[in-house]
Amino acid sequence: MSGRALAISASARGMAEDSSSSRQMKKTTKTYVYKTDSSGNVTSHTDVKVEGSSASESAAFRRYEEQIRVLQEDLESEMSLRRRVEHEKQSLQMQIISLSERLTEAESGSESQLDINRKREAEMAKL
């Protein structure tokens, strides 16, 4: 039984040597960090660490990480702008409603003033 275990162990070591000569083993660690500030905005940050990769793969990976970081910043900026625009939109809608109500009140006031003026003119015509 021990001879069999030794043969399997030797075989596994031989396979490891063959694979290491053709490819390097890589260890990837990815960390996600999500933060929420007092106004409810969520920011996220991703850290990815690759160990044992070749220099060209590492450089390409760093470029991709930088592109992802820039895109995440752009996304956060756009989300912030959208929130601000939505807030301004709601404020302007409230102003429109308020102005519409004031216009309606002013129109009804001018109509009643016209009625009073007509009555006065009618009374003056009688005199």
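User: In which strand is the place of Tyr-34?

Analyst: This is a predicted model. In it, Tyr-34 sits in strand S1, which covers residues 27–36.

User: Why is Tyr-34 called exposed?

Analyst: The relative accessible area of Tyr-34 is 58%. Exposed means over 50%, so Tyr-34 counts as exposed.

User: What makes Tyr-32, Tyr-34 and Val-42 a nonpolar patch?

Analyst: A nonpolar patch takes side chains such as Val and Tyr, joined within 5 Å, from residues with over 30% relative accessible area and no salt bridge. Tyr-34, at 58%, is over that area cut-off. Together, Tyr-32, Tyr-34 and Val-42 have about 360 Å² of accessible area on the surface.

User: How many helices and strands are there in the protein chain, and how do the elements run?

Analyst: The protein chain has 2 helices and 2 strands. Their order from the N terminus is α-β-β-α.

User: Where is Asn-41 found, and which residues does Asn-41 touch?

Analyst: Asn-41 belongs to the loop between S1 and strand S2 (42–51). Leaving aside residues up to four places away in sequence, Asn-41 touches Lys-35, Thr-36 and Arg-83. A contact requires heavy atoms within 4.5 Å. For Asn-41 and Glu-76, which are 35 residues apart along the chain, the C-alpha atoms are separated by 9.0 Å.

User: Why is the pair Glu-73 and Arg-69 called a salt bridge?

Analyst: The closest N and O atoms of Glu-73 and Arg-69 are 2.4 Å apart. The cut-off is 4 Å, between a side-chain nitrogen of Lys or Arg and a carboxyl oxygen of Asp or Glu, so this pair qualifies as a salt bridge. Both residues belong to helix H2 (residues 55–126), and because they are 4 residues apart there, about one helical turn separates them.

User: Are Glu-73 and Arg-69 called exposed or partly exposed?

Analyst: Glu-73 has a relative accessible area of 42%, and Arg-69 has 33%.

User: What makes the contact of Arg-118 and Asp-115 a salt bridge, and where do they lie?

Analyst: The N to O distance between Arg-118 and Asp-115 is 3.1 Å. That is within 4 Å, so the side chains meet in a salt bridge. Both residues are in helix H2, 3 residues apart, about one turn of the helix. Arg-118 is exposed at 52% relative accessible area, while Asp-115 is partly exposed at 39%.

User: What share of the protein chain counts as buried, and how much area does the chain expose?

Analyst: Buried residues make up 4% of the 127 residues. The cut-off for buried is under 20% relative accessible area. The protein chain exposes about 11,400 Å², with 56% supplied by carbon and sulfur atoms.

Conventions:
Residues numbered from 1 in each chain as written. Predicted model: local features only at pLDDT ≥ 70, side-chain atom pairs only at ≥ 80, totals over all residues. Heavy atoms only, no water. Buried < 20%, exposed > 50% of the residue type's maximum accessible area, 1.4 Å probe, protein only. Patch = residues over 30% accessible without salt bridge, like charges linked within 9 Å, V, L, I, M, F, W, Y side chains within 5 Å. Areas by Shrake-Rupley, 256 points an atom, 1.4 Å probe, with all protein chains shown as cover.
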